Structures are given as structure tokens and as C-alpha cells.
Amino acid sequence: MATQIVRPARTLQGSLLLPGDKSISHRYAMLAGLAEGTTRLSNFSTGADPHSSLACMAALGAKVEDKGTHIEVTGTGGQFHQPTVALDCGNSGSTMRMLSGLIAPHPHTFTLIGDHSLTLRPMERIRKPLSAMGAKMDLVEGHAPITIHGGPLKAIDFETPIPSAQVKTAVLFAGFQAEGTTSLAESIRTRDHSEHALRAFGATLTRKDDRLFIAGGQKLTAIEATVPGDLSSAAFFLCAALLFPDANLILDSLGMNPTRSALLDVVTLLGGKIRVLNVEEKHGELMGTIQVNTGAPVTKGQLEISGALTAQLIDELPVLAAIAPYTQHGILIRDAKELRVKESDRIDLVARNLRAMGATFTEHEDGLDIPGGQKLHGATIDSGSDHRIAMAFAIAALRAEGETEIDGAEAAGISFPEFFSHLKELCGN
Ligand code: S3P
């Protein structure tokens, strides 16, 4: 297990081009694997997770050429092949859940496997809608390995019981290949990359009020695209900027999809001054350059993250919790029970690591209540092999007294292999 030492820093200055967004990379990889023609993708995520999706596409018969961050995928023209190996989703819940919907309409037998963490994560949430569409799926007590006996599916009308873009995507990815028109309404609106990606690849998708409609029997065509920089990876440095009064950070080609950008509002409330220097749109996704400096917090009391905001910030909550003790008024996180079934139990791991650094807070079943104005000390951090925990506490370490040792730091490679080298460049420690 790799250990990284992070020392306290004096400031954070510089500019970054972030690796391609993980969520968008997964979707482009999967749809490209099924489409007709060759998809050319620039700034594809360097994280291990989207590469699990690419490897699955290769196992399903797509031709994948990996030229660093430039990826070419020649799709199977609408028909996946019978794989000769299990589809290995690695650590990636996105791969396992979204891929299940994409492959279920194909007349083959598929086995989906993952690493220890993925095997502990709930999969019943995709089995329910997909089996309502007629898919035959075997789970092991609600978990992977998953066996799918694929075949023709029929449309359903579905309401997502929990906010999950992965579950929504599994239904949409099955829906455009099913018989009839599938409709879907979300309890809380989640990231809409799948809707944009499906349209980019030529599918028709409509929205009426809060309900999405997707007709079956649709074919996809290859695209050329640049994947916007990953805002959830940028989150670590955006939160780090809040820790230094003279921080100056420029983030180039950053994804700013409105269903993902709640973090920019939260950073502003906590005292970040964000200027958008330019913005453009491609395939429905916004991408631009932002500059971040530090000012005074806008909030006059503790910042509360709950309800729909929790769902929008789900991947950024670990780093927000990790910097919360340093903020002026602290942060209250509620309605975040989902964090307990991510790559790790993120509430428990954040709590254990905050405690190790000497923070005072209250743990709830669905969140954390963290007062501000605290001083932390360096400690040994357990990443729990969870990428976002490793990176969140590397950020907390920047303002701690003494050095911090991050055990299991290599987990950062799941979404952001360049994280520790960027941290050094920006903070000079
Ligand atoms: C993702 C959706 C979220 C998020 C995950 C990526 C996606 O998961 O936590 O990192 O790309 O759709 P859920 O769908 O489980 O909320």
C-alpha cells in the first residue's frame, strides 16, 4: 500500500488542466462501444474507473485504441458480442450499473464482476427496474457478481426511489433498445450527462415536466468529442483554495454542467471568489475556465447541506467535510445516507479520519455536524482504499499542524492519478 506524506502549506497558486470528467468518460466509452462507426475522444479520463468501462467495451467486441488521453472506439454497430470473459468493472459502480442496462437487451449471457469494495455495493436498485423490463438478472444476495441472461426488453414507466444517476442511466440505456417508449421520473434531479450523451450519439429523448421519455429501437452513431475537465476532481483544489487568504487558482476547460456545479455555489458561500473567464457548450455539456481567489464567507452561520443539495454534491461531500473544521462557521451535512454505500462507508471513514486529526463533530446516520473555527493536527489517515477519502484528507492536511501520512494514497488513481503531483505543484510542499 502506498503512503503519501502531506505537509502543511502556506498557499495555493497556479493553473491546472484537469483530467476528463469521469462520469462523461464512462458514458461516451459505453455508447461508443455500441454505436456505428469510430468515436474519437480527447481528454478522456485518466482514472482507472473509465478504463474499466473501456475494457468492458473491448470484451464486448468494440475496438478500443488507447492513445493516452486520446481514445478511439470503433463500435459494434448495435450488436454486442458474446464475451468470452467476465466483464470486470474493477472499483467502478458506474460501470457495473450503467453497463447492466446497456447489455441486458442483447441475446447473450454476461457476468459482471468487481473488486472487494464493488462487491459490497447494492445492486438490487438496478435489478428492480431492469427485471421489470423483462431482464433476467441473478445477483448474490443483492450484490455482484451479476449474471445477466440478455434478451428483448419491453418499455416501463419508472420512478427512481432514490436519487441515482447510475440507476437512471441503466434504465435509459436499456430503454432506447427496448420495445415501446420508456418513461422515467426522478425523485430528485441528478446529473444529466446520460441525457446529453444519448442525444450526442443521435438518440431522441424528450422531457415533459419532470418526466423523461425515450423510445426503443434507436441506433447510435459515433461522435468526436472533448471530455470537459472533471469538476469533482477540481473540488479538491477548489476547497483547498478556501484554506489560504491569498490563494489564486485557474482551472482550464472545466466541466460546468449545471447539474454538477452546485459546488461552485457552495465554495462561493464559504468565501471563494469565482470568476468565469469563458464558457462554451459542446454535445450539451458546458466547459469553461474559472479563476478562484479567496474572500470573506457569505454565510453568517453554519452552512447546511441537505435535501436536493446533498444529492447534487454527493461526490464532493468528503472534501467539504474534511475542510469543514477550518471554515468560520462549520458545515452540517444531512440526508447523505447514500455516502455509507459508496466505494467505502464515507461517513464512517470521514469521521474516523477527522477524529484522528483532532476534530470535534457529531456523526449522524445520514451525515455529519462539523463546527468551524477548529485547529487540526497531522495524523495517519486511512483511505480505506477509497480515492475520494485519500484526496479529501490530503487537503485537510494542508492546514494541519505537523505532517500527515495518507495510507492507501494510491486509491487516488481510481479517478485522479495526477492528484498528488498537482498538489505539489500548487502548494509547493
Ligand atoms: C455517478 C453518479 C453518482 C456518483 C458517482 C458517479 C454517475 O452515483 O456518486 O460517482 O456517473 O452517474 P449514484 O448514481 O449512485 O448516486
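A pocket here is an open set of grid points, on a 1 Å grid over the protein atoms alone, with protein on both sides within 12 Å along at least five of seven lines. The model is predicted. Its largest pocket has a volume of about 500 Å³.

**The pocket**

Lining this pocket are 33 residues. Closest to its centre are Pro163, Arg191, Ile314, Asp315 and Lys342. By class, the lining holds 16 charged, eleven polar and six nonpolar residues. Which helices each supply at least two lining residues? They are α1 (22-34), α3, α6 (165-175) and α10 (307-312). The most comes from α10, which gives four residues.

**Two helix pairs**

Two packed helices are described by the angle between their axes and the distance between the axes. The table sets out two pairs.

| Helix pair | Residues | Axes come within | Crossing angle |
|---|---|---|---|
| α2 and α3 | 48-59 and 93-103 | 10 Å | roughly 30° |
| α12 and α13 | 346-356 and 387-397 | 11 Å | roughly 30° |

Take α2 and α3. Angles under 35 degrees count as roughly parallel. The axes cross at roughly 30°, and α2 and α3 are therefore roughly parallel to each other. Their crossing is right-handed. On the α2 side, the contact is made by Asp49, Ser52, Ser53, Cys56 and Met57. On the α3 side, Thr95, Leu99 and Leu102 take part. This contact of α2 with α3 counts four nonpolar residues, three polar and one charged.

Now α12 and α13. At roughly 30° between the axes, α12 and α13 are therefore roughly parallel to each other. Here too, α12 passes α13 in a right-handed crossing. From α12 come Arg346, Leu349, Val350, Asn353 and Leu354. They meet His387, Arg388, Ile389 and Phe393 of α13. The contact of α12 with α13 has five nonpolar, two polar and two charged residues.

Where is the cis peptide bond? It joins Ala144 and Pro145, with omega about -5°. Pro145 sits in strand β9 (residues 143-149). The loop between β8 (136-140) and β9 contains Glu141. Glu141 has a positive phi of about 50°, although it is not a glycine.

Methods. Residues numbered from 1 in each chain as written. Predicted model: local features only at pLDDT ≥ 70, side-chain atom pairs only at ≥ 80, totals over all residues. Heavy atoms only, no water. Axes fitted to C-alpha atoms, helices over the stretch in contact; angles between N-to-C directions. Parallel < 35°, antiparallel > 145°, perpendicular 65-115°, else oblique. Left-handed = near helix turned anticlockwise from the far one by under 90°. Contact = heavy atoms within 4.5 Å. Nonpolar A, V, L, I, M, F, W, Y, C, P; charged D, E, K, R; others polar. 1 Å grid on protein atoms, 1.4 Å probe; cavity = no way out; pocket = protein on both sides within 12 Å on 5 of 7 lines; lining within 4 Å. Points joined across faces, edges and corners; volume = space filled by probe spheres on them.
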